[in-house]
Amino acid sequence: MSEQVSRRDFLKLAGLGAATTAVLTGCGPASRYVVREPYQQMPEYNLVGQSTYYATTCRECAAGCGLVVRTYQGRAIKVEGNPNHPLNLGKTCARGQATLHGLYNPDRVTDPIMKNARGGFAGTNINWDDAVQAVADALKNNQPNEIAFLIGTASDHVFDLLTDLAKTTGVNAPIRFGAMNMLESRATLSKAAENLFGQAGMPWFDVANAQTVFSFGANFLETWLSPLSYTRGFANFRKATTTKLRGQMVQFEARMSATGAKADEWVSLRPGTEALVALAIGRLVAEKKGIAVPRIFSGVEPLEVAAQAGVKLEALEHLAERFASTNSVAIPGGPALGQSNGLAVAEAVLALNALVNNFGKEGGVYLSALAPNQSEYHRPASAQEMQAFVERMKSGGIKVLFVHGVNPVFETPNSLGFKEALSNVGQVISFAVFPDETALEADYVLPDHHGLEGWGYQRVGTGVSLPVLSGAQPVVSPYYNTRSTVDVFIAAAKLAGGKFANALPYADEVEFLQNKISALRGEAGGSFSAIDDETFMATFQQFGGWWKNTNALLAPDSASVLNQSIKTQVKDAEFAGEGEFFFVPFVSPTLGEAGANKPWLQELPDPTTTVMWTTWIEINPETAHHLHVENDEVVKVISEAGEIEVPVYIYPAIRPDTVAIPFGQGHTAYGRYAENRGVNPFDLLGKHFNEAGDLAFAGMKVRIEKTGKTQPVSRNESRMGVYGEDLGEEH
Amino acid sequence: MTTLADLKISEVKLAAEEGGKWGMVIDQDICTGCQACVAACAMENNIPFVGEEDSGYGRAMHWIRIERFWQGEYPEVKMTNQQPMMCQQCGSAPCEPVCPAFATVHSQAEELNLQVYNRCVGTRYCANNCPYQVRTFNWRDYERPEPLPNQFNPDVTVRRRGVMEKCTFCIQRIHQANHKAKAEGRELMDGEFTTACAQACPSNAITFGRVDKKDTQVYQMMHHGQSHGKKHLEELGTLPNITYLNGGGA
């Protein structure tokens with residue numbers, strides 16, 4: 001522990017009450033690991049009866065929100081947002097709150113395992129020396145181009161380490177992937193920016209300062225890109241002040257999302273017509289403003305579009321008036337982008353912003369700032385790039401696959417064939433914290449620490465105007481016999497020797513991080529500075545990161561947006577399969593892609609349906625009537641790619657020609673709370689992509705058959721409405 | 001002629017002017033229904049999860065829930081503004097007089113409705129008499145397998161089967177802040193601490209604080225633009241301490 005504060009001094013400070021609210025760094029500059037000790041020898045920072053607070057970074061998604069975790073006698077008690085963190089300003093989402101149910105989950109991988117066979121967890125617990133040796137052998141005994149890393153999006157320090165390794169040793173650069181990113185269609189957004197502005201990047205929409213928001217399917221109040229930042233923006237947008245009116249929001253989608261539920265106007269569109277509608281609105285706006293219709297909007301006929309989309313022409317005109325008259329912003333996202341013409345949707349909706357000239361202006365569209373230690377925009381792999389990787393595995397081109405922070409067997413549709421392709425990979429080494437579906441198919445499971453037990457950092461990719469590097473440190477000592485994956489790679493590289501040892505010349509993870517982070521010390525205009533690297537590192541941990549104090553949002557080059565023509569197919573989207581219903585899979589707002597093993601997340605009611613603990617299919621009441629199905633009746637949903645059985649929830653806010661199923665459940669492994677619960681709508685998705693390479697996940701048609709079975713769906717709503725006559729009708 | 005109802009309303013007005021000590025304002029217009037408050041409350045207050053079957057029977061133990069109602073039919077369908085609902089900490093609480101064990105009592109110090117777990121014998125009269133339906137009952141000893149109990153908040157009692165429970169306005173946080181203020185020889189300041197739900201709320205829709213002082217944020221919000229502010233079922237004379245705002249929305 002630190003030499004600078006003696007126990008006696010610390011007690012004095014604590015007695016004054018000063019230490020009880022201070023956020024501490026997990027280490028003095030000299031100490032590296034938090035140690036759990038018996039009560040008789042409490043570590044200096046842990047005082048009986050007093051809580052200790054540590055700043056770290058949330059790893060439940062890739063957004064990079066800052067946390068302050070309350071610990072008490074070596075245990076993590078409560079997660080709060082870090083009030084100083086520029087991204088989330090002290091706030092947390094439900095998944096961030098429940099991260100403790102991951103840390104203390106009864107079904108974690110407790111020891112490194114060498115498995116007897118793939119497909120089960122039976123195997124031998126090995127010691128870490130043997131585990132490191134196995135990794136070293138895998139690195140050494142294979143050709144560099146036959147070694148691949150597949151990692152998640154919430155672990156930038158792991159990505160940087162493996163990128164360093166790849167640069168000098170010739171192993172494949174790490175591939176990053178996550179189902180959430182796939183359903184956010186990040187490649188599409190970035191490609192649209194590139195086509196329109198000549199610069200790839202993640203668009204950021206300044207909802208807070210807009211007066212009118214037109215959202216084409218974007219679920220920005222749920223899980224989209226950076227939900228806490230967008231939610232804060234929404235709150236400011238909604239509040240009337242002395243200088244601005246209450247913001248007005250219009251949502252265009254086929255199934256009312258939790259975001260759409262907050263809209264002042266909800267416009268139901270036939271799926272696939274979003275691009276046409278955006279262009280038609282653009283044309284009407286131009287006409288209303290009395291300017292020549294720009295080239296990009298000139299190809300559409302509003303009357304025809306209205307008929308195709310299933311809305312009235314007057315409605316489009318009224319929307320155009322609304323958009324033209326105030327400080328507006330248009331946001332593309334969600335299922336609208338996950339269609340065969342998703343790129344056209346993104347371009348058409350982004351182009352609407354050019355009509356109100358809001359690029360790079362308050363309440364308008366920006367490109368997100370790059371993080372402090374980032375030189376160019378980087379996005380996770382698109383589904384098509386994953387497909388190419390699967391093909392490479394299938395052809396035997398990959399001999400060793402390392403998987404960290406992602407569960408691709410669950411997070412990719414079966415039709416991509418990831419699981420089958422693994423059988424052509426000689427060795428699969430998983431670093432999973434939980435016994436997930438991919439770990440099930442691995443030869444070794446070498447568990448990493450839980451996010452709250454480990455070091456790291458995360459670049460904040462979008463959601464804040466400042467460049468932010470968010471820092472993570474252990475808030476408790478590791479509960480099980482786990483080891484940091486970075487430490488495993490550093491040790492294994494040393495054992496492998498030669499170029500591997502040269503690529504990672506660090507004693508351990510902390511030295512690696514110090515090396516990466518201290519590069520920022522010389523930079524001016526940061527949130528803090530320090531006299532030496534060690535103090536810089538300690539302060540970095542104490543504040544939960546380092547950020548610059550100046551706005552670094554990029555103003556997109558909008559000069560030629562209106563004169564372009566949309567390069568891809570604008571026409572009606574194509575839908576795969578023969579069924580009569582459009583199929584909309586959406587991310588469960590409470591579970592996300594990896595929340596199903598946390599029991600309190602399971603017991604959170606879905607914001608729109610109030611359903612808990614299972615999967616359901618949303619069907620319009622009229623359609624249910626025609627199909628003769630009732631609530632809780634199990635139906636078989638059939639697409640060209642597969643079929644699943646799922647109970648019905650009659651949902652009043654969905655088109656009669658559309659059905660929707662949330663993504664998040666349907667695990668076959670992943671611990672007792674997730675396993676064999678609900679179904680995975682990915683089983684219905686075929687191998688179709690949009691022009692940017694993202695999965696056309698909303699481009700399927702399905703049919704529905706009765707099964708005669710029922711499954712009571714747990715929902716929270718039956719308790720409501722007892723005295724609610726003046727609050728609306730209970731459904 | 002003065003009816004009984006008139007009499008009650010005049011009494012209510014009189015009592016309302018006295019006010020409680022702690023209050024909350026919830027802006028339904030910016031609540032997104034994200035459930036962060038529900039999760040934060042569960043984590044702070046050691047609330048058990050009950051599992052799929054029991055939650056299907058309505059036995060889920062949420063101390064705070066987010067209500068939403070539907071209006072109209074497709075395509076003119078609308079969801080009403082999300083309505084976080086929890087114990088309203090009534091000044092004149094219907095749950096209190098019906099408890100035979102004095103487990104549901106009004107505290108003099110904090111002016112809140114207390115639930116004394118070790119007095120509760122599980123008659124559930126209080127829950128039946130609560131017009132807000134915010135009390136939850138431990139129908140079982142719900143299992144929390146090791147090592148989940150590591151996460152328990154040591155400041156909050158872990159309840160057993162047969163005990164009624166409900167939102168406490170995070171009374172452990174009130175006490176802690178009070179102790180600190182007392183030790184430092186000063187008065188407790190508004191904004192020094194907040195409840196778990198308000199602390200987590202991503203849209204800042206929940207504001208908690210002292211309502212017995214006029215310069216607090218929560219007092220200002222309660223009394224500013226009173227036409228929008230609403231206390232639920234106030235007409236029952238419960239003197240609820242939570243005010244709901246609806247902005248310009250539905």
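1. Among contacts in chain B between residues at least 6 apart in sequence, 64% join residues at least 24 apart, a contact being a pair of residues whose C-beta atoms, placed from the backbone, lie within 7 Å. This is a predicted model, in which local features need pLDDT of at least 70 and side-chain atom pairs count only at pLDDT 80 or more, whereas totals for chains, interfaces and linings use all residues. Residues are numbered from 1 along each chain as its sequence is written, while chains are lettered from A and ligands numbered from 1 in the order in which they are written.

2. On confidence, chain B averages a pLDDT of 89, and 89% of the residues score at least 70, pLDDT being the predictor's confidence in each residue, from 0 to 100. Over residues 9-18 of chain B, pLDDT stays under 50, and the model has 6 contacts beyond four places in sequence for this stretch. Where pLDDT is low, the predicted coordinates should not be read in detail. For the complex, the predictor gives an ipTM of 0.91 and a pTM of 0.91.

3. Chain B has 7 helices and 11 strands, these being DSSP runs (helices H or I, at least four residues; strands E, at least two) numbered from the N terminus.

4. The loop between helix 3 (51-56) and strand 2 (64-67) of chain B holds B:Met61. Leaving aside neighbours within four places in sequence, B:Met61 is in contact with B:Ile47, B:Pro48, B:Val50 and B:Thr136. B:Glu165 is 104 residues from B:Met61 in sequence, yet the two are 8.5 Å apart in space, C-alpha to C-alpha.

Methods. Two residues are in contact if their C-beta atoms, placed from the backbone, lie within 7 Å.
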